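Thanks for coming, everyone. I'll go through the core and then the strands.

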Amino acid sequence: MDYGKFRFEQAKRAKEAKKNQRVMEVKEIRMSPGIGDNDFNTKLKNAVKFLGDGDRVKVTIRFRGREMAHTDIGKDILRKFAEGCGEVGNMDKDPKLEGRNMSMFISPKSQAQIQKAAKEKKKKEEAERAAQAEAAKAEEAEAPAAEEASSEE
């Protein structure tokens with residue numbers, strides 16, 4: 001076998017493998033402890049979009065002045081943020097205070113995990129609908145019985 005041909009094919013395979021790789025970037029989202037609901041929802045929507053694109057997200061809360069006395073508020077906001085991203089991402093690290101910043105990392109879930117969660121959610125909704133339908137049927141069955149009892153009096 002020709003050594004030059006071997007090296008060429010090896011380089012070709014390496015190039016193909018490199019083409020299929022994707023570098024995971026880290027996107028940062030910054031907030032403050034007094035963030036409003038609409039601002040929070042906007043940042044959450046951006047984070048979900050980043051996670052959907054396959055990037056990691058670093059969520060940071062910056063404390064200024066007297067806000068340092070209320071780091072528990074920041075921790076609650078970060079946990080709520082992680083819950084909001086729960087469908088498309090996993091929390092890597094718990095919120096950690098580093099100086100005046102509290103941060104955490106969220107990584108994207110694989111497509112298989114997202115599909116599995118969607119199936120479970122769909123099953124749960126179908127079970128709820130079935131339970132509501134049964135409750136409605138039970139009410140309908142009780143209503144004529146109540147009418148008959150009131151007409152007999």
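First, a definition: a nonpolar core is a set of buried Ala, Val, Leu, Ile, Met, Phe, Trp, Tyr and Cys residues joined through side-chain atoms within 4.5 Å. Buried means under 20% relative accessible area, exposed over 50%, partly exposed in between, with a 1.4 Å probe and protein chains only.

Two notes on sources. This is a predicted model, where local features need pLDDT of at least 70, side-chain atom pairs count only at pLDDT 80 or more, and totals for chains, interfaces and linings use all residues. Residues are numbered from 1 along each chain as its sequence is written, and side-chain values use heavy atoms, without hydrogens and water.

Now the core. The largest one has 21 residues, and M31, V59 and F81 have the most contacts inside it. Five elements each supply at least two of its residues: β1 (26-31), α2 (37-52), β2 (56-62), α3 (71-84) and β5 (101-108). Helices (H or I, at least four residues) and strands (E, at least two) are DSSP runs, numbered from the N terminus. The largest share, 5 residues, comes from α2.

Take M31. Beyond its neighbours within four places in sequence, its contacts (heavy atoms within 4.5 Å) include F40, V59, I77 and F81.

Next, β5. Of its 8 residues, 6 are buried. Which strands pair with β5? Pairing needs at least two DSSP bridges between two strands. β2 pairs antiparallel with β5 over 6 bridges, with V57 opposite I106. β3 (residues 89-91) is antiparallel to β5 too, over 3 bridges; there, N90 partners S107. β4 (residues 96-98) also runs antiparallel to β5, with 3 bridges, and K96 partners S103. β4 and β5 form a hairpin with 2 residues between them, and G99 in the turn has a positive phi of about 70°.
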